[in-house]
Amino acid sequence: MRLRIQLTHRPHRALTLTDTPDPKCPLCDGDGGIGHHYGDPETGEYAGTDWELCTCWDDTRRWVLLPLPYWFRRTPSFYSDEPPF
């Protein structure tokens, strides 16, 4: 188990302790998964990548260390079309 601290925003903003992929994994080379690129059947151009998670990493293994508050920006309740001078 290789742990690191990460800032998450969902389901709420918090500092979490997260598992990371094995950097010496022979299957994924430490990326945590294997990408399978695919193309559009009609044009043959790149259309996206399917991501298959590796067995060396469990991305659901997380522990919340510290919940953080959201900072709301104050916005004016009205806008004026008057010049600022």
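This text leads the reader through the fold of one protein chain, from its overall composition to a single pair of facing residues. The model is predicted.

The secondary structure consists of 5 strands and 0 helices. Followed along the sequence, these elements give the pattern β-β-β-β-β.

Three of the elements come together in an open sheet, whose strand order is β1-β2-β5 and whose pairing is antiparallel. At its edges lie β1, spanning 3–8, and β5, spanning 62–67, and each of these strands pairs on one side only. From one strand to the next, the twist averages 30°.

Within this sheet, the pairing of β2 with β5 can be followed in detail. Strand β2 covers residues 14–19 and runs antiparallel to β5, to which 5 bridges join it. At the level of individual residues, leucine 17 has tryptophan 63 of β5 standing opposite.

The protein has 85 residues, and buried residues account for 18% of them; here a residue is called buried when its relative accessible area is under 20%. The accessible surface of the protein amounts to about 7,500 Å². Carbon and sulfur atoms contribute 56% of that surface.

Technical notes. Residues are numbered from 1 along each chain as its sequence is written. This is a predicted model: local features need pLDDT of at least 70, side-chain atom pairs count only at pLDDT 80 or more; totals for chains, interfaces and linings use all residues. Side-chain values use heavy atoms; hydrogens and water are left out. Helices (H or I, at least four residues) and strands (E, at least two) are DSSP runs, numbered from the N terminus. Buried means under 20% relative accessible area, exposed over 50%, partly exposed in between (1.4 Å probe, protein chains only). Accessible areas come from the Shrake-Rupley method with a 1.4 Å probe; for residues, only the protein chains shown count as cover. Two strands pair if DSSP finds at least two bridges between them. Axes are lines fitted to C-alpha atoms, for helices over the stretch in contact, and angles run from 0 to 180 degrees between N-to-C directions.
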